[in-house]
Amino acid sequence: MHVAVIVLGDVGRSPRMQYHAASLLKCGHTVTLIGYDGEALIPSLSDPIQKLNVIRFSVPAPNSLRKVLPLYFFVRLVLLFVYVFRALFVSMRKSDVDILLVQNPPAMPLLLIAHFYCVWGGISTGRRPVLIVDWHNLGYTMLENKFLSKIARSYERQMAPFAISHFCVTAAMKLFLVNTFQIPEDRISVLRDCPGQLFRPLTAIEQDELMARLHEQLCLACPRSWFKNLNECRQTLFTQVNDEGECIHRPGRPALVTSSTSWTPDEDFGHLLDALVGLDQRISQSDSTLKIMIIVTGKGPQKEFYEERISKLKFVNVAIQTLWLEPVDYPRLLACSDLGVSLHTSTSGIDLPMKVLDLFGCGVPVCARNFDCISELVQNDVNGRLFETSLELEEQLWTLLKPLDQNGSCPPHSFGDLARYSQALEERVRWDDNWNKYALPVLTSAGASRMDRT
């Protein structure tokens, strides 16, 4: 079976679709992975693989037209149409594709082109490929312009029924597709995001190796008093090698909090920043010696704005460092964390943040911003906490992290309530098991049905 996995975006920043590709390859199927140039692929897709064909391209952005939004939108769609059409009909012209597995959003113009490709395949070869849509969110909810959003909603609703099957990330999304887009319930499968194999707890040796490599970068963000007395040959901010040559967590280490953000308004970094300002003052006014390092990863339009704000803050007990890590180091950093913070709020209210699953795979609890269906993932006071305001987040960070001050050289997330939350994550289902149970039967059935579709 040959499956074309398509992302109308940087495929290196779409872990779910890369996981689809990797799982299909493990089952012995042929995969063509299509998407934009950008970040590196996950390690299992990076090396040359006989049954994997990767097609990546860059679409020019008509930025000079941004002030004239309807014209910009039209030109952008035309360019997307041309490049996606070329990828499917030119770059894949010699391929006999059985299934098109398409990420949504974005829907425009991908759903239309994918449907046309399937129809044309049926006409030209007599064996029509089948279309499957993997719903990550609702594309029209991501458009701020109400007129364009209305058009996009109509387009998504009209195009969705052309797919033979659908995956979606939450039960709430399935309910929406059934009730609003009128897609038959038996054609929709809830395929929840699950952590991949890279996201796992680390040994003390593995944590020490990463912290040693990041030590200089992290110290740039810290007050000098945090590291001036460290033995750089044996100690990092978080770990050390003791006299017996064992890697342990350093007594008096800072708490480590990570947050992955897209630096966009729907992930308002101001909530975390305001919470940290209050938290720094609270620590100073108490008798605590707690220190907290915040590492923020990700790229996005508001990153420079918030980095400038951070540079003007005079923290004493808190340090913030922004990093961009290689795909293999990102899960390692998460595993070294005591706590993760998710600022994601869904534009539709029915999708979930993959970054929380990544943390859970490493056994790391999360403080997550509350929205409609987040409870499908984060259970308050079971595997993390939910917050709505910066004051609530400040209180949660203080409550969850202050036990480290009395517990010396604790390993990550192994103290106070965090230890209990982490324990609740130990038996979490992994991507491969979940995919084999819920996705593979759908794909296998769809591939077999291609013989009957003309």
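# Patches, cores and pairs

Student: Which residues make the nonpolar surface patch of about 430 Å²?
Tutor: V68, L71, F74, V78 and V82 make that patch. Keep in mind that this is a predicted model.

Student: Take L71. Where does L71 lie?
Tutor: L71 lies in helix α3, which covers residues 69-91. Its relative accessible area is 40%, so L71 is partly exposed.

Student: And inside? How many residues does the largest nonpolar core have?
Tutor: That core has 70 residues, and the ones with the most contacts inside it are L45, L218, L237 and M293. Helix α1, residues 15-26, gives the largest share of this core, 6 residues. Another core lies apart from it, with 48 residues, among them L88, V102, V133 and M173.

Student: Why would nonpolar side chains be buried together?
Tutor: In soluble globular proteins, that is what nonpolar side chains tend to do.

Student: Back to L218. What is L218 in contact with?
Tutor: If you leave aside neighbours within four places in sequence, L218 is in contact with M211, L237, F238, M293, I295, Q321 and L323.

Student: Switching to rings. How many aromatic pairs does the structure hold?
Tutor: The structure holds 14 aromatic pairs. One of them is Y36 with F57, where the ring centres are 5.6 Å apart and the planes are at 65°, so the pair is edge-to-face. Y36 is in strand β2 (residues 30-36) and F57 in strand β3 (residues 52-57), so this pair links parts of the chain 21 residues apart.

Student: Are Y36 and F57 buried or exposed?
Tutor: Y36 is buried, with a relative accessible area of 15%. F57 also counts as buried, at 11% relative accessibility.

Student: What about F89 and Y117, what kind of pair is that?
Tutor: F89 and Y117 form an edge-to-face pair, 5.2 Å centre to centre with 70° between the planes. F89 lies in helix α3 and Y117 in helix α4 (residues 110-125), so the pair ties together parts that are 28 residues apart in sequence. Both residues are buried.

Student: Which residues form an aromatic cluster with F89 and Y117?
Tutor: F81, F85 and F116 are in one aromatic cluster with F89 and Y117.

Student: New topic, charges. How many salt bridges are there?
Tutor: A search of the whole structure finds 23 salt bridges. One of them joins E209 and R213, with the closest N and O atoms 2.6 Å apart.

Student: Where are E209 and R213 in the helix?
Tutor: They are 4 residues apart in helix α7 (residues 204-219), so about one helical turn separates them. E209 is partly exposed at 37% relative accessibility, and R213 is partly exposed at 42%.

Student: Which residue does R420 form a salt bridge with?
Tutor: R420 forms one with D381, and the closest N and O atoms are 3.1 Å apart. R420 lies in helix α13 and D381 in the loop between β14 (366-369) and β15 (384-387), so the pair ties together parts 39 residues apart in sequence.

Student: Last one. Is S337 buried or exposed?
Tutor: S337 is buried, with a relative accessible area of 0%. S337 lies in the loop between α10 (329-335) and β13 (339-342). Leaving aside neighbours within four places in sequence, S337 is in contact with L256, T258, V364, P412 and H413.

Note on methods: Residues numbered from 1 in each chain as written. Predicted model: local features only at pLDDT ≥ 70, side-chain atom pairs only at ≥ 80, totals over all residues. Heavy atoms only, no water. Patch = residues over 30% accessible without salt bridge, like charges linked within 9 Å, V, L, I, M, F, W, Y side chains within 5 Å. Areas by Shrake-Rupley, 256 points an atom, 1.4 Å probe, with all protein chains shown as cover. Salt bridge = Lys/Arg side-chain N within 4 Å of Asp/Glu carboxyl O. Helix = DSSP H or I, 4+ residues; strand = E, 2+ residues; numbered from the N terminus. Buried < 20%, exposed > 50% of the residue type's maximum accessible area, 1.4 Å probe, protein only. Core = buried A, V, L, I, M, F, W, Y, C linked by side-chain atoms within 4.5 Å. Contact = heavy atoms within 4.5 Å. Phe/Tyr/Trp six-rings, centres within 6.5 Å; stacked < 30°, edge-to-face > 60°.
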